[in-house]
Each structure stands twice: as structure tokens, then as C-alpha cells.
Amino acid sequence: MPETTPPQAFSAVTRAIIQDVTVTPAKRTDRIQTRRISMPAGTAAGLHTHNGPVVGSIVSGSVAYRIEGEPLVVLRPGDVFFEPEAVRIAQFDALDEDVVFLGHFLLGSDQDPAIEFPGN
């Protein structure tokens, strides 16, 4: 398909890369399921892992987020995060206000998102 000249209004659109992560190990993805997830203020998710990579973004509220062995990061509205498959997420804790975030789960054809809580 040949490239055409975009409409004038479209030429004012800007793009910025806000996250660029490597999915390791590589995962065949047959579908992506997006969930809107709500957490009341003060809720701590606890140590957990996912059965596939998760890409997320904070819609409202703020979260204390830490992958085991890495520094703590506070995520606020508009921030994005990545939880690799089977990696231990040490914290995903709602802070002083309710939190809403979107989670995009990369899935194989016969897979549903799952979360495990090691040690519980």
C-alpha cells in the first residue's frame, strides 16, 4: 500500500516511547486480554508471580511497585509497568487512595491469566 500525505491535523500528532522492554523468554502470543483492576487504598498485593508477561498502566491512584531484588518505584497515573512471566513481584501496594490500573496479559491460545502467591 503506497504511503499518502496525512491530513493537516494528523501531522500535529506526537509520539513518545514510554516503555520498551524485552520479553524474556520470548513468548508466543495468540491474544492479549486487558483487564481494568481496582484496589482499595492500603491494599497490598503481596509477593506474587504471573503465568505470562503483564504490561500495565496506572489510571488513578498510586502504587508502591517493586520487582524482587530491584528498587522500589512509586507509580502514578499515566505511568506504565512491566511484570515479566514467573518473576517475583515483591510489592504492588495501593498507597493512600484507591487505585485503578489496566493490565494487558500476553497469552497463549489455551491460556488464561493466573497469579500465584509463593509461600502462602
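**Close-up views of a predicted model**

**View A. Pro25 lies in the segment before β1.** Strands are DSSP runs of E of at least two residues and helices are DSSP runs of H or I of at least four, both numbered from the N terminus. The peptide bond that runs from Thr24 to Pro25 is cis, and its omega is near 0°. This is a predicted model, in which local features need pLDDT of at least 70 and side-chain atom pairs count only at pLDDT 80 or more, while totals for chains, interfaces and linings use all residues. Residues are numbered from 1 along each chain as its sequence is written, and side-chain values use heavy atoms, with hydrogens and water left out.

**View B. Ala86 has a phi near 65°.** Most residues other than glycine have a negative phi, and most peptide bonds are trans. The value for Ala86 is positive although the residue is not glycine. Ala86 sits in the loop between β6 and β7, with β6 covering 80–83 and β7 covering 89–94. Its relative accessible area is 55%, so Ala86 is exposed (exposed means over 50% relative accessible area, buried under 20% and partly exposed in between, with a 1.4 Å probe and protein chains only).

**View C. The side chains of Lys27 and Gln111 are joined by a polar contact of 3.0 Å.** A polar contact is a pair of N or O atoms within 3.5 Å; within protein, one atom must be able to donate a hydrogen and the other to accept it, and residues adjacent in sequence count only if both atoms are side-chain atoms. Lys27 belongs to the segment before β1, and Gln111 to the loop between β8 and β9 (115–116). Lys27 counts as partly exposed because its relative accessibility is 22%, and Gln111 is buried because its relative accessible area is 14%. A polar atom of the Gln111 side chain also lies 3.0 Å from the backbone oxygen of Asn51. Residues up to four places away in sequence aside, Gln111 touches Lys27, Arg31, Asn51 and Leu106, where contact means heavy atoms within 4.5 Å. The C-alpha atoms of Lys27 and Gly108 are 8.0 Å apart, with 81 residues of separation in sequence.

**View D. Gly52 is in the loop between β2 and β3 (54–60).** With a relative accessible area of 3%, Gly52 is buried. Beyond its neighbours within four places in sequence, Gly52 is in contact with Lys27, Glu83, Glu85 and Leu106. Its C-alpha atom is separated by 6.9 Å from that of Pro84, 32 residues apart along the chain.

**View E. His48 occupies the loop between β1 (31–39) and β2 (49–50).** His48 is buried because its relative accessible area is 3%. Its side chain makes a polar contact of 3.5 Å with the side chain of His50. Contacts of His48 beyond four places in sequence include Glu83, Phe92, Ile115 and Phe117.

**View F. The largest pocket holds about 280 Å³ of space.** Of its 17 lining residues, those closest to the centre are Ile37, His48, His50, Phe101 and Ile115. A pocket is defined on a 1 Å grid over the protein atoms alone as an open set of points where a 1.4 Å probe fits, with protein on both sides within 12 Å along at least five of seven lines; lining residues have an atom within 4 Å of a point. Grid points are joined across faces, edges and corners, and the volume is the space filled by probe spheres set on the points. At least two lining residues come from each of β1, β6 and β8 (99–107). The lining consists of 12 nonpolar, 3 polar and 2 charged residues (nonpolar: Ala, Val, Leu, Ile, Met, Phe, Trp, Tyr, Cys and Pro; charged: Asp, Glu, Lys and Arg; polar: the others, Gly among them).

**View G. The largest nonpolar core has 12 residues, among them Met39, Ile58, Tyr65, Phe81, Phe92, Val99 and Phe101.** Each of β4 (63–67), β7 and β8 supplies at least two residues of this core. A nonpolar core is a set of buried Ala, Val, Leu, Ile, Met, Phe, Trp, Tyr and Cys residues joined through side-chain atoms within 4.5 Å. Val99 is in contact with Ile37, Met39, Val63 and Ala94, among others beyond four places in sequence. Of the 120 residues of the protein, 30% count as buried.
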